[in-house]
Amino acid sequence: MELVGQMDVAVITKVYPSRSHSGAAQGGVAAALGNVDGDSVEAHIYDTVKGADYLGDQDAIEILCNDAPRTIYEMEHLGCPFSRTEDHKINQRAFGGHSFLRACFSADRTGHALLHTLVEQTYKQGGKLKVYSEWHMNRLIVEDGVCRGVVAMDIKTGRLEVFRAKAVLFASGGYGQAFKITSNAAANTGDGIVAAYRAGIPLQDMEFVQFHPTGLYQHGILLTEGARGEGGYLINADGDRFMSTYAPSKMELGPRDIVSRSEQTEINEGRGAGPNKEYVLLDLRHLGKEKIMERLPQVYNLAKDFIGVDCIEDPVPIQPTAHYSMGGIPADNDCQVYLDDKGQQVTGFFVAGECSCISVHGANRLGTNSLLEALVFGRRAGKKMLDVTPGLKLADVNEERELEAAKKEIATLYAGDGSEDLSVIREELKEIMTYKVGVYRCADDMLQARSEIKGLRERFAKVQVKDPGTNFNLNLIDALELSNMLEYSELIVSGGLAREESRGAHFRTDFPTRDDQNWMHHTMAFRTEDGGHELRYKPVTVTRFQPEERKY
Amino acid sequence: MASKVTMRIQRFDPAVDEKPHDQDFEIELPAGITILKALNKVRAEKDPTLALRYSCGSAICGSCAMKVNGHARLACKTQVSDCTVDGVLRIAPMGNLKILRDLVVDMDPFFDSLGKAKPYLEAGNGSVPEFERKQRPEEFLQIDPSTTCILCAACYSDCNVLEVDDNFFGPATLAKAHRFIFDSRDVDTQARLRAVSKKTGVWDCTHCGECSTRCPTETKPLERIEEIRTKAMADGFHDNVGARHALGFRETVGKRGILDENYLPARSMGFFNLPGLLSLVPIGLRMMMRGKNPPLIPHKIDKLEEVKKTFARFEELRK
């Protein structure tokens with residue numbers, strides 16, 4: 001939106017714009033508007049720093065929170081429908097880890113409302129914005145520190161094309177599909193981050209994966225934190241509100257990392273509900289039908305449609321679900337990507353949203369800060385691109401060589417002997433990641449995970465794509481995605497093994513405390529020539545808030 | 001408890017097939033499985049070449065609408081057990097859109113059609129003020145249903161009007177129009193009402209209700225179309241066939257207690273609309289030849305006074 005009309009802009013998307021996974025965000029978008037209580041930007045900054053378990057870069061967090069109110073007003077003026085207070089202002093609800101009522105919401109479909117408002121703007125721009133829907137991005141072209149474009153495949157025809165550009169922005173989302181229990185869309189296979197990584201760009205803090213406390217049992221589908229924000233309880237098999245043990249002051253509205261671990265502890269210690277004691281319960285019954293139907297209609301429908309539970313009458317079975325990727329492509333506060341741990345940057349390459357690691361979420365993101373981040377930093381990236389792009393030239397690309405490389409990668413996926421099955425490897429990977437690199441981690445589990453994933457990568461070489469077609473060849477897309485998932489899963493494990501402390505979403509049972517002496521550092525994973533990787537570290541930016549004990 | 005199901009899936013690959021054909025997959029499915037998961041099980045275990053669209057898996061992205069037993073539904077939120085008839089589950093691509101491969105259809109006509117609704121807020125003043133605009137909670141609730149639309153196109157697929165006239169705005173586009181017509185912050189209401197009152201707009205809907213029946217959200221396009229019609233009439237947009245038809249309907253029933261089928265077509269078309277009236281001649285003649293034309297002097301009903309009283313009462317209530 002910042003660029004359209006001033007430059008030749010195109011959007012390339014794996015799905016259709018309205019299908020992006022931002023639309024699945026439910027509960028709200030944070031901004032210290034103070035519409036219902038005495039909130040302040042100051043408090044928002046502190047809550048975010050603390051929620052991030054002090055791994056967030058505080059200069060970036062200040063930008064995020066300062067720009068939040070303006071961002072919400074801008075979206076409101078573009079037409080985003082927001083639920084309203086009795087005095088006709090944007091309504092705000094409670095959310096985990098936020099000390100005031102800060103989540104602006106549109107019932108429990110906030111992401112959907114924001115996403116569709118932006119999609120509507122693409123119609124307003126008319127022909128000035130070209131959208132390439134259903135293209136799979138295969139390669140990012142970076143040479144001599146200059147980004148030159150991407151290679152992408154039209155899913156409808158199988159045709160590969162080089163898109164040359166003076167500047168490229170990735171807003172390609174997270175990497176939660178590597179987990180068995182996940183709230184992520186099928187499309188969230190980390191294609192963007194892996195393309196950057198393979199082009200020589202490091203990935204930052206990959207070990208930090210957030211597990212959301214209220215995933216629908218076995219499905220992993222998200223039930224918004226807004227359900228607890230509206231007053232919902234978490235109970236175990238005995239009907240106890242177990243959060244009183246773990247976060248007595250915030251109770252159910254503790255931050256996600258702490259609530260998810262508390263649930264897992266309840267389950268691990270035999271207080272889970274159900275025949276196999278595998279889940280805990282989200283209890284909304286006391287909220288009453290009217291409030292549930294007005295504020296949480298989607299939660300009602302999801303529980304009803306997917307597991308047949310009427311949450312007005314019965315508590316809903318839930319379990320922690322892989323939800324958000326704090327790690328990603330490192331960038332400065334204007335979203336321009338770093339090429340190394342020393343501050344050198346890639347010319348013409350920008351990132352925003354979940355694929356980026358700026359890092360405003362540090363070791364644990366607070367609910368409602370992700371929609372905010374996408375909006376605030378998406379706009380900043382656009383403004384910066386507008387600023388710098390006129391000074392850049394359209395860099396040379398050896399198109400033939402790039403297309404050949406993409407074709408070769410695809411040909412390799414057809415060349416396996418077929419003795420291994422793609423979907424079996426994918427399911428095994430997901431099991432490993434959920435059960436060995438999940439809510440609780442330890443060296444033994446992660447060492448096993450590491451060698452098992454290595455084995456999966458060897459077996460993956462034997463997989464053979466069976467569909468020879470060029471039109472909607474899902475079999476080929478599956479293979480391209482699995483190749484990405486295997487590659488980044490190794491980095492999650494490596495980063496997690498190396499980080500011998502517990503911080504935010506990364507919890508080591510063998511190193512259960514935070515170690516500020518040694519680990520106030522971002523992990524940076526660099527790809528090596530032989531396809532392996534090397535870990536380096538860079539310090540966290542601390543401006544105003546020194547690390548202190550994190551209690552709720 | 002697992003059970004064996006025959007998934008009868010319509011297949012079509014334009015590279016090899018002349019026309020679509022059904023293929024049966026016998027597959028063991030666990031209890032409580034959704035159609036999307038069952039289809040992915042078919043891809044994993046039986047045939048990796050099956051093409052379909054899906055993404056979020058939680059009924060919000062709108063990717064996976066397809067026909068289940070002949071009607072459009074979201075595969076991700078529909079239980080296999082709810083749709084299996086005598087052990088068979090029939091799956092086919094959506095209707096009214098060209099099939100690209102198997103269950104994948106060309107969505108471009110659908111997304112393009114939304115443009116007809118001018119689907120963005122006209123705020124009236126381009127700058128971003130420092131404060132939010134106010135909106136009453138009940139004003140938000142008025143657009144709440146139409147903003148739940150996920151653009152899955154289930155309504156487009158099963159719309160009976162689109163089947164015969166692809167110029168029709170379509171249910172999703174009209175729901176989108178509703179979302180702005182009823183947004184208290186939009187300044188373009190009258191122009192929007194004028195646009196949807198024209199031919200191919202709200203009055204071309206035949207009230208079959210398929211859109212609302214198939215809609216997986218609270219959008220329910222038929223209800224939104226009716227709300228637009230009511231508002232368009234109230235705001236004086238009467239100069240079109242649909243509005244005249246509605247008004248003429250009320251006139252003849254109010255006057256005679258029964259529909260005057262000779263008067264109504266001419267009233268709807270407009271008494272001075274010569275080309276429009278002439279366009280009715282062929283169908284009139286065909287009806288006459290088959291003896292289907294209504295009597296020239298319409299009947300009156302016995303209890304006309306009661307009908308008149310009902311109308312009077314209705315007018316009173318309306319005021």
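**Note on the predicted two-chain model**

1. A:Val29 stands opposite A:Cys104 in β4(A). Here strands (E, at least two residues) and helices (H or I, at least four) are DSSP runs, numbered from the N terminus. β2(A) and β4 (residues 103-104) of chain A run antiparallel and are joined by two bridges; two strands pair if DSSP finds at least two bridges between them.

2. This is a predicted model, in which local features need pLDDT of at least 70 and side-chain atom pairs count only at pLDDT 80 or more, while totals for chains, interfaces and linings use all residues. Residues are numbered from 1 along each chain as its sequence is written, chains are lettered from A and ligands numbered from 1 in the order in which they are written, and side-chain values use heavy atoms, with hydrogens and water left out.

3. The sheet in chain A is open and has three strands in the order β2-β4-β3, with antiparallel pairing. β2 (29-30) and β3 of chain A are its edge strands, each pairing on one side only.

4. Chain B has an open sheet of five strands, ordered β2-β1-β5-β3-β4, and the pairing is mixed. β2 (21-29) and β4 (71-74) of chain B each have a single partner strand, so one side of each is left without a neighbour in the sheet. On average, neighbouring strands of this sheet are turned by 35° against each other, direction ignored. Axes are lines fitted to C-alpha atoms, for helices over the stretch in contact, and angles run from 0 to 180 degrees between N-to-C directions.

5. Strand β3 (residues 65-68) of chain B runs antiparallel to β4(B), with four bridges between them. B:Met66 has B:Arg73 as its bridge partner in β4(B), and B:Lys67 has B:Ala72. The two strands form a hairpin with two residues between them, and B:Asn69 in the turn has a positive phi of about 50°. β3(B) also pairs with β5(B), again in the antiparallel sense, over two bridges; there the bridge partner of B:Lys67 is B:Ala92.

6. Helix α1 (residues 35-45) of chain B lies across β1 (3-11), β2, β3 and β5 (88-92) of chain B, and runs at about 95° to β2(B).

7. How many residues does each chain bring to the contact? Chain A gives 58 and chain B 60, contact meaning heavy atoms within 4.5 Å. Between them the chains bury about 5000 Å², 53% of it on carbon and sulfur atoms; buried area is the accessible area (1.4 Å probe) that two parts lose on being put together, summed over both. A:Arg19, A:His77 and A:Tyr123 supply 16% of the area that chain A buries against chain B, more than any other three residues.

8. The interface of chain A and chain B has 10 salt bridges, each a side-chain nitrogen of Lys or Arg within 4 Å of a carboxyl oxygen of Asp or Glu. In the salt bridge of B:Arg133 with A:Glu76, the closest N and O atoms are 3.3 Å apart. Over all chains the count is 84 salt bridges. A:Arg84 and B:Glu132 form a salt bridge at 3.7 Å, N to O. A:Arg84 lies in the loop between α3 and β3 (92-93) of chain A and B:Glu132 in the loop between α3 (108-114) and α4 (137-147) of chain B, so the pair joins two chains.
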